[in-house]
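Trainee: Please show me the model, and then we can go through its parts one by one.

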Amino acid sequence: MKRYQLAVAAKEQEYVKRLAEYVRESPISQQWQLIAFTNAQALKEHIEKGYSIDLLAVQPGLYTELKVGIDAARLERIATVALVSKRGESVGQQKELLQYQPLPALLQGLFDMYAGAGAAGHSSPVGTVFASKEGPKVVTVYSSSGGTGKTALALHLTNAAGSQQYRTFYLNLERWHSLGGWLGHANHTGTQLGMSELLYKLKSEPEQAGKWLLEHRKRHSLLKGDYLASCTNAEDRITLGAEDAAGLLALIKQSGQYDLIIVDLDDGLDELHMKLLENSDQILWLVSDDEGVLAKQRLAYRYGEQKWGPRFQRMVQKVQLIHNRAKTNALPPTVNRDGIPYMPISLPDAMEWNSYSASSAKLLSSPSYRAAAGRLMNYMLRGGEQHAVNG
């Protein structure tokens, strides 16, 4: 089978990198090879050396630079689409496609234009293998106690999903979080644009917030998912309101870039927590054998019943308890005293993390925990089918 050559030219290095990764890891790679350029000169040299390009997607400014000093007839033989931020930006290119839109839709548009022109008799390779019509699934990791392992589980679930080619976003909404330590970097909040700036953009220029997210999201090779740098101003997270938090989650969902969103939520049960829990498809509530943790779980449950009544009960229908720091492979109870079901998968007490050394708690550093998180993700992806999940 012939592999067609798709050349993408855009000045934003992170944009072309993500597009290349997406194509490489998707079924599209069986029919298309993507070549990425961030400047016109490199693209010009590629064409002048005689390398084949079946479809060129290029920003108008770069296309203008490309036309200088190149054989016009050679350039005209290449099917070309302008990548624009708004309609009407291109000059001399009849076909336009919005650059910042969900990648599946972007590629579908490119290949539809190519197939519509009858080029090489090609039919569109992009089908229904990407995001579902219902949008991404939101899984929130929660506990009524601090220090129960929420971040460890959320990060490992993100890795497990990303390892199976699910496009995953890790959303950390803790007041104080240790993401940098888990990923092995300092997470310099003072120099990285992230949560604070996106929240401001949502309020000041909501129509531009989606584009800002796609330009400033980050990725880590261990995590295998996207995330945002933490708030440059801690006050932005402390004063974060329920509606703003819900708006942030909705923005990520509506980006069309993800199959799964993992929310790492801190302990507490105020309106912000309730709003996010209500907007989740599944809630993993971490508990352990520690009596203090179990007592706080029961107190939080009673508080929720008293404060929100039926609203809380509807939310609880999405909750499953996760037994963390289990000493053995024995299955947890089926339900707790309030009738909340346990996941039939326990998370082990990771011996590798039972010290306070700087290298003790790194993502994927515990094989037993990583395996358990992988089994849990597989269980969730199968829709709850049980197959010796704790073996």
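Mentor: First a definition: two strands pair if DSSP finds at least two bridges between them. Helices (H or I, at least four residues) and strands (E, at least two) are DSSP runs, numbered from the N terminus. This is a predicted model, where local features need pLDDT of at least 70, side-chain atom pairs count only at pLDDT 80 or more, and totals for chains, interfaces and linings use all residues. Residues are numbered from 1 along each chain as its sequence is written, and side-chain values use heavy atoms, with hydrogens and water left out.

Trainee: In β11, which residue is the bridge partner of T140?
Mentor: Strand β6 covers residues 137-142 and strand β11 covers residues 282-287. The two run parallel and are joined by four bridges. In β11, the bridge partner of T140 is I283.

Trainee: Which strands stand at the edges of the open sheet of seven strands?
Mentor: The strand order in this sheet is β8-β9-β7-β10-β6-β11-β12, and its pairing is mixed. Each edge strand has a single partner, so one side of it is left without a neighbour in the sheet. The strands at the edges are β8 (218-220) and β12 (319-323).

Trainee: How many helices and strands does the protein have, and what share of its 391 residues is buried?
Mentor: The protein has 15 helices and twelve strands. Buried means under 20% relative accessible area, exposed over 50%, and partly exposed in between (1.4 Å probe, protein chains only). By that cut-off, the buried share of the 391 residues is 52%.

Trainee: In β3, which residue is the bridge partner of A9?
Mentor: Strand β1 (residues 4-9) runs parallel to β3, and four bridges join them. In β3, the bridge partner of A9 is V58.

Trainee: Which residue in β4 is the bridge partner of V58?
Mentor: Strand β3 (residues 55-58) is joined to β4 by four bridges, and the two run parallel. Strand β4 (residues 79-84) is mostly covered, with five of its six residues buried. In β4, the bridge partner of V58 is A82.

Trainee: In β5, what is the bridge partner of L83?
Mentor: β4 and strand β5 (residues 96-98) pair in the parallel sense over three bridges. In β5, L83 has as its bridge partner L97.

Trainee: How far apart are the end C-alpha atoms of helix α1?
Mentor: The expected span of a helix is 1.5 Å times one less than its number of residues. Helix α1 (residues 13-24) has twelve residues and should therefore span 16 Å. The model agrees, as the end C-alpha atoms are apart by 16 Å.

Trainee: Is L364 buried or exposed?
Mentor: L364 lies in the loop between β12 and α15. Phi of L364 is near 70°, a positive value in a residue other than glycine. The relative accessible area of L364 is 17%, so L364 is buried.

Trainee: What is the relative accessible area of R325?
Mentor: R325 lies in the loop between β12 and α15 (367-381). Phi of R325 is near 60°, a positive value in a residue other than glycine. R325 is partly exposed, and its relative accessible area is 38%.
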